[in-house]
Amino acid sequence: MDKILNYIINEKKQKPLVAEKIASSFAKHDDIRFELESWIENKIFPTENMISIEGYSAEMIYKLAPFMDGVGVYNFLVTLRERPENAKRIIAEGFKRK
């Protein structure tokens, strides 16, 4: 989890409390957390043996929403896992930004 916190604080320039809140969403999803940590190290989404949730991989989400970085993409995978209907609605609406 330290790697994620450090990335959010140092690269995304977020305050530690904000970083902890963002990072906490990965605490109960080891597979998503491990893949995000790999993305932080390499800045590439895996194309083999990657996580697929509701038929979507991180790379697929990034292609649908290229304004997201790895943290955003993997946070969205958490949403897909925890609230699939809500996430699918967001995808269907084209990731509208307010």
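In the predicted model, helices α3 and α5 are roughly antiparallel to each other. The angle between α3 (30–42) and α5 (residues 70–82) is about 165°, and the two axes lie 10 Å apart. Because angles over 145 degrees count as roughly antiparallel, this pair falls in that class. The crossing of α3 with α5 is right-handed. On the α3 side, the contact comprises Asp 31, Ile 32, Glu 35, Leu 36 and Trp 39, which meet Gly 70, Val 71, Tyr 74, Leu 77, Val 78 and Arg 81 of α5. Classified by residue type, this contact contains 7 nonpolar, 1 polar and 3 charged residues.

Helix α3 also packs against α1 (residues 2–10), with axes that come within 9 Å and cross at roughly 50°. This angle makes α1 oblique to α3. The crossing of α1 over α3 is left-handed. Lys 3, Ile 4 and Tyr 7 of α1 form the contact with Arg 33, Leu 36, Glu 37, Trp 39, Ile 40 and Glu 41 of α3. This contact has 5 nonpolar and 4 charged residues, and no polar ones. Leu 36 and Trp 39 of α3 take part in the contact with α1 and also in that with α5.

Ser 57 lies in the loop between α3 and α4 (58–64). Its relative accessible area is 5%, so Ser 57 is buried, the cut-off being under 20%. Leaving aside residues up to four places away in sequence, Ser 57 touches Met 50, Ile 51 and Leu 77. Of these, Leu 77 belongs to the α5 side of the contact with α3.

Methods
Residues are numbered from 1 along each chain as its sequence is written. This is a predicted model: local features need pLDDT of at least 70, side-chain atom pairs count only at pLDDT 80 or more; totals for chains, interfaces and linings use all residues. Side-chain values use heavy atoms; hydrogens and water are left out. Helices (H or I, at least four residues) and strands (E, at least two) are DSSP runs, numbered from the N terminus. Buried means under 20% relative accessible area, exposed over 50%, partly exposed in between (1.4 Å probe, protein chains only). Contact means heavy atoms within 4.5 Å. Axes are lines fitted to C-alpha atoms, for helices over the stretch in contact, and angles run from 0 to 180 degrees between N-to-C directions. Angles under 35 degrees count as roughly parallel, over 145 as roughly antiparallel, 65 to 115 as roughly perpendicular and the rest as oblique. A crossing is left-handed if the near helix is turned anticlockwise from the far one by less than a right angle, and right-handed if clockwise. Ala, Val, Leu, Ile, Met, Phe, Trp, Tyr, Cys and Pro count as nonpolar, Asp, Glu, Lys and Arg as charged, and the others, Gly among them, as polar.
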